[in-house]
Amino acid sequence: MVIILGCAQFVMVLDGTVMNVSISTVVKDLGTTVSAMQAAITFYTLTMAAVMLLGAKLGDIWGRRRAFVIGACVYGVGSLITALSPNIQVLFLGWSIIEGLGAVLVIPAIAALVADNYSGKDRITAYAIIGAVSGAAVAAGPLIGGFITTYLSWRFVFAGEVVIMAVVAIVARFVNDAAVRQKVRIDVLSALLSAVGLVLVVGGMLQSKTWGWILPLSSPTIGGVPVAPLGVSLTAWFIAIGAVLLFLFVRRQQWLVARDRPPLVHVSMFSITRLRSGLSVLGAQYAVTAGLFFMVPVYLQMTLGLDALETGIRIFPLSIAIIIFSIVGTRLSRRWPPRRIVWVGQLVLVLSGFLLLASVTADLRSGLFAAGMFLTGSALGLLASQLGNVNMSSVSDKETSEVGGLQGVFQNLGSSLGTALIGSILIGALSSSFASGVATSGLSPTTVSIVQAKTQGGVAIVPSASVDQIATSAGLSSADAQKLAGIYRDSQLASLRVAFVGLISISLLSLVFARGLPVEISGRTRSKTTPS
């Protein structure tokens, strides 16, 4: 049974890694930009985060196996549209929206069906298997995606997903669904408040590189008039309004419970210390992972000029380490409590961040980079081995579907925030570093004016090797074009270092979140309701 669920989990994880490692090829194939791909990657996980709670609730109403099958079919349709997409708009529809909607039914169902069919140490083992499958997808994704993208086309990966999800939907009848279906009415207002609130918060962060955080930069215009209410950037307004809507969502859930009506999620569960900590660490872990998987391919492909397969090979040490240390973490859980294992993983994650920061050079310090990637994978493997079981064992069996939905929300919200925030830091730092470099370069005033005019709306991420040709086409002399290419390459490296500092900061912050994790060894003592 766990094999069927594992296949679905494999596709879910594989999908994102393939798109990241193929980013430069997809940009060229669809005639789009890295910023547009950042938006597509962000909204893929944001779609899941925004409606994951609704997906979990539908699983309770329809039955978890039925929700799993419907989700697999929807996901397969999205994969087919993605494989056939002629432009970024169609890819956005198929991948970011339709696949995401399918995933919101599949992901909570996987967690809940494991909890329904296993208990005690068998449940720990089952979640470890799901974690290992995820690790295998992370390991295989860059290599599969890199190989197929380099020698065939990235489209074949998504076509393959259609076949796998069709098989999963057919054999899902062998999965036992022991849970009793619930007859409840879904509160539409709650679903809207949570979805719109999350979209506004993450969307604001995503656009910060263009709109600015507080002071408006390149604001959208209506009738030629920049839209910046009270002289404040739309980013700040989006985030503020989104936060208010999420606050209203929480109050709405409390209001529903007080009137004996079913909420979309029981927010009282956040009073369970171990669950709150487990979900927070999970979100931070996925933010780091998503940010890293966006940054590293940009660095390897856009700065160093590597192809998709070469990128996958460079990422492989991280991938294989996740598998190894997921197993190591499971073994350690017999001797060490979850909090100790997670803290070790987080400290290793911080160390790996500094190694990767030191490896970012124009010629890539291969040994240092490989060590940093392996240590990153080791840390993520240790975290993956603990958090699923900590979260699911924090509540009673009847609440596992709801917690499965919350896990999906925090995983995908972390991923979307990581891609949006780290990507915006990367692109914003590139623009400021490039502008500073041009201003102090000694280029003629005429050349500086041409460059400033061309980059007024921001600096796009393009292959550094192509900057010379772009500059020549814009009317610059050969000497000025070469000098500008050097400035751009240095700016790319500087922006990558700034982004790595952002990842290290998130890793350090997650140490605080882990304080509430269990200090007892799994399987010896179980505390389900430890309120703070």
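**Chat about a core and a serine**

Biologist: Leaving out residues up to four places away in sequence, which ones does Ile461 touch?
Modeller: Val34, Val298, Met302, Leu426, Ile427, Leu430, Tyr488 and Gln492, where a contact means heavy atoms within 4.5 Å. This is a predicted model, where local features need pLDDT of at least 70, side-chain atom pairs need 80 or more, and totals for chains, interfaces and linings use all residues. Residues are numbered from 1 along each chain as its sequence is written, and side-chain values use heavy atoms, without hydrogens or water.

Biologist: How many residues does the largest nonpolar core have?
Modeller: The largest nonpolar core has 117 residues, and Ile461 is up there with Phe68 and Leu91 for the most contacts inside it. A core here is a set of buried Ala, Val, Leu, Ile, Met, Phe, Trp, Tyr and Cys joined through side-chain atoms within 4.5 Å.
Modeller: Another core, of 10 residues, lies apart from it, and includes Leu198, Val202, Leu413 and Ala420.

Biologist: New topic: is Ser424 buried or exposed?
Modeller: Ser424 counts as buried because its relative accessibility is 5%; buried is under 20%, exposed over 50%, partly exposed in between (1.4 Å probe, protein chains only). Ser424 sits in helix α14, residues 400–439 (a DSSP run of H or I, at least four residues, numbered from the N terminus).

Biologist: And which backbone oxygen does its side chain reach at 2.7 Å?
Modeller: That of Ala420. A polar atom of the Ser424 side chain also lies 2.9 Å from the backbone oxygen of Met205.

Biologist: What about Val328, which helix is that in?
Modeller: Helix α11. Val328 counts as partly exposed, because its relative accessibility is 31%.

Technical notes:
Helix = DSSP H or I, 4+ residues; strand = E, 2+ residues; numbered from the N terminus. Polar contact = N/O pair within 3.5 Å; in protein donor to acceptor, adjacent residues only side chain to side chain.
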